[in-house]
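Good morning, colleagues. Please take a moment with the sequence and the structure before I go through the computed features.

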Amino acid sequence: MTWDQLEPLLWTALGETLQMVLTAMVVGGFFGLLLGIGLYVARPGNLLQSRALFVVINVLINLVRPIPFIIFLAALGPLTRIVVGTTIGTPAVTFAMCVMTSFVFARIVEQNLVSLDPGMIEAARAMGASPWRIIVTVLVPEALAPLILGFTFLFIGVLDMSAVAGYVGGGGLGDLAIVYGYQQYNWVVTYVVVLVIVVLAQLAQLLGNLLARKALHR
Amino acid sequence: MSDALTAPAADAAGARPGEPIIRFRDVTKVFRTGSEVRAVDGVTLDVLAGEVFGVIGYSGAGKSTLVRLVNALETATSGTIEVDGTTVTDLPEARLRPVRARIGMIFQQFNLLGSRTVAGNVAYPLRVAGWPRARREARVAELLEFVGIADKARSYPSRLSGGQKQRVGIARALAADPRILLADEATSALDPETTQDVLALLRRVNRELGVTVVIITHEMDVVRTTCDRVAVMEHGKVVETGDVYDVFANPRQPVTRRFVETALRDRPGPDVVARLRTRHPGRMVVVGVDEQTGSSARVTQTLRTHGVDGTIVYGGITEVASRPYGSLTFELVGDGDRIARVVAELESYTDVVDLGTAEEPRDDASSEEVVR
């Protein structure tokens with residue numbers, strides 16, 4: 001395979017990967033943030049403590065997170081069919097990625113919030129702030145730098161998830177590496193894809209570090 | 001530092017100076033985490049409007065919990081707490097918020113929001129209270145001027161020293177015109193010099209703005225220099241309350257005595273007395289010095305009248321609530337009868353501990369009880 005043949009395939013694959021990853025990052029990031037905050041504030045003794053909410057979210061996260069993504073993708077099939085209308089192709093994979101990302105990020109969010117100094121929350125309470133105001137104006141802004149780093153960390157995981165899209169007829173860089181590289185013993189294709197993925201990950205990390213530093217105010 | 005801050009408008013409904021502004025009635029707080037802990041145990045206490053009230057105790061005595069009951073950050077297990085006419089123990093969480101907004105609070109670890117500038121921190125309670133932007137900015141500028149850090153308005157807290165952070169904390173606590181300021185170990189993370197600056201600022205807050213200040217501390221020096229009245233806490237109970245001067249001059253509980261001793265090491269302990277005897281074999285007496293004795297003027301006069309020489313060998317006089325307080329240990333040299341008359345006269349107007357002479361020692365055998 002020549003570069004002229006590979007190049008268009010590479011661009012298409014990169015586009016598909018970015019589409020899957022960015023969708024999962026945005027959707028999963030949003031729901032993950034909500035779930036993570038929900039888990040944190042529902043903790044016993046916390047702002048909106050609720051044993052029921054805490055147990056439900058906690059069990060869900062623990063249930064979903066350890067499942068290897070390729071198995072999760074298959075297991076989620078019935079729900080994917082209801083929501084997306086099909087269990088194959090890039091949209092189906094993207095949906096599964098959004099769900100998994102939400103739960104993974106929820107745990108990252110919760111862990112970062114737990115390590116926040118409870119004194120700041122107490123100070124805000126002492127000033128008469130409502131729980132919702134505290135969540136929006138204290139919790140999230142104060143944990144912003146670690147949240148950004150956690151979100152960056154998530155990017156690598158999501159990129160990893162996108163690699164198995166080929167198994168259910170989706171595209172992307174992972175599919176390209178397997179179909180044109182691994183299965184055809186074409187090491188060049190494999191390594192070109194590896195290189196692209198490494199560059200992607202580096203760029204994401206660079207951007208994440210930059211934003212986190214800006215958020216730190218030190 | 002300017003005193004440009006406008007004092008809060010007198011609250012028609014609130015407690016007048018000298019009337020109780022915080023009332024605890026048989027308040028108990030029990031924590032049930034594994035074992036049961038009675039952090040606050042049957043406390044009945046009044047804090048008067050316009051005073052600086054100290055609550056002193058060792059860590060774990062329950063003083064931090066007590067102060068958190070005032071703005072209901074902790075809810076009482078039983079008993080009632082009334083704050084400026086509102087019974088906070090009756091109110092649900094949502095109705096407590098406006099009450100809390102009228103009570104300022106500062107903390108040992110400052111608890112500033114790291115993601116906001118100094119000005120942003122001071123503006124926070126005003127945003128909560130829904131002040132319009134222009135009023136908010138004017139108020140923030142005024143407060144930063146008052147606490148003396150106007151030049152740091154746009155800095156982030158991580159750039160400030162401990163003393164500066166606590167000034168921001170005080171400005172933030174004062175933002176919404178509170179009638180009460182709660183200071184939870186507000187100087188415990190500061191060095192001695194900065195501690196004095198912050199305490200002086202709290203005094204100004206009290207005097208110039210008429211804010212009632214409640215200071216939680218484990219340092220008797222803070223009470224000595226800053227408070228009008230004090231409550232001593234031990235094991236969740238208030239064991240002693242009174243004017244700071246009275247508590248210093250006449251501590252009734254052992255725990256209070258220990259605190260008083262930490263603020264003024266004026267009286268020699270048994271080992272010090274033993275060393276003093278080797279250098280000063282004559283009759284030694286510890287003479288209490290207070291307002292009545294006019295520092296040591298009256299003592300000097302007594303010595304002169306009876307023709308006895310007194311050498312000061314130990315002691316200390318300090319100010320408690322702006323009044324002189326302490327003791328001096330004299331070696332009395334002269335005729336035995338005259339010395340006896342001096343001791344008798346001293347005993348007539350102040351407390352005297354007769355240590356005897358090196359040959360005939362007295363009173364220092366039972367150490368603490370006698371010497372204090």
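I begin with one residue of chain B. Setting aside neighbours within four places in sequence, Thr28(B) is in contact with Arg38(B), Val40(B), Asp41(B), Gly42(B), Ala76(B), Thr77(B) and Ser78(B), where contact means heavy atoms within 4.5 Å. Thr28(B) sits in strand S1 of chain B. Its relative accessibility is 7%, so Thr28(B) counts as buried; the term buried means under 20% relative accessible area, exposed means over 50%, and partly exposed is in between, with a 1.4 Å probe and protein chains only.

Some conventions are in order. This is a predicted model, in which local features need pLDDT of at least 70 and side-chain atom pairs count only at pLDDT 80 or more, while totals for chains, interfaces and linings use all residues. Residues are numbered from 1 along each chain as its sequence is written, chains are lettered from A and ligands numbered from 1 in the order in which they are written, and side-chain values use heavy atoms, with hydrogens and water left out.

Let me place that residue in its chain. Chain B holds 13 helices and 14 strands; these are DSSP runs numbered from the N terminus, helices being H or I with at least four residues and strands E with at least two. The C-alpha trace of chain B spans about 80 × 50 × 40 Å along its principal axes. Of its 372 residues, 52% count as buried. Among contacts in chain B with a separation of 6 or more, 71% are between residues 24 or more positions apart.

UniProt, in an unreviewed entry, places the feature "domain: ABC transporter" at residues 22–260 of chain B. That span is 39% helix and 28% strand, and its end C-alpha atoms lie 26 Å apart. For chain A, the unreviewed UniProt entry places "transmembrane region" at residues 20–41, 53–76, 82–106, 143–168 and 188–212. UniProt positions are given in the numbering used here, feature names are shortened, and annotations may be inferred rather than shown by experiment. Residues 20–41 of chain A are 100% helix and 0% strand, with end C-alpha atoms 31 Å apart. Residues 82–106 of chain A are 84% helix and 0% strand, and there the end C-alpha atoms are 24 Å apart.

In H1(B), 7 of the 8 residues are buried, among them Leu66(B), Val67(B) and Val70(B). Ala72(B), which follows H1(B), has a positive phi near 60 degrees.

Which residues of helix H11 of chain B are buried? In H11(B), residues 297–305, they are Val299(B), Thr302(B) and Leu303(B). Because they cover an arc of only 100 degrees around the axis, they lie on the same side of H11(B); the arc is that of the directions from the helix axis to the C-beta atoms. The buried residues of H11(B) pack against strands S11, S12 and S13 and helix H12 of chain B. On the face turned away from the buried side, H11(B) carries the exposed residues Arg304(B) and Thr305(B).

On a 1 Å grid over the protein atoms alone, a cavity is a set of points where a 1.4 Å probe fits but cannot get out, a pocket is an open set with protein on both sides within 12 Å along at least five of seven lines, and lining residues have an atom within 4 Å of a point. Grid points are joined across faces, edges and corners, and a volume is the space filled by probe spheres set on the points.

By this rule there are 4 cavities of 30 Å³ or more. The largest cavity has a volume of about 90 Å³. Its lining has 13 residues, and those closest to its centre are Met127(A), Ile103(B), Gly104(B), Arg172(B) and Ala173(B). S6(B) supplies the largest share of that lining, 4 residues.

The second largest cavity has a volume of about 60 Å³, and the largest share of its lining, 3 residues, comes from H1(B).

Finally, the largest pocket holds about 590 Å³ of space. Of its 26 lining residues, the closest to its centre are Gly45(A), Asn46(A), Leu47(A), Arg125(A) and Leu73(B). H6(A) gives the most to this lining, with 4 residues.
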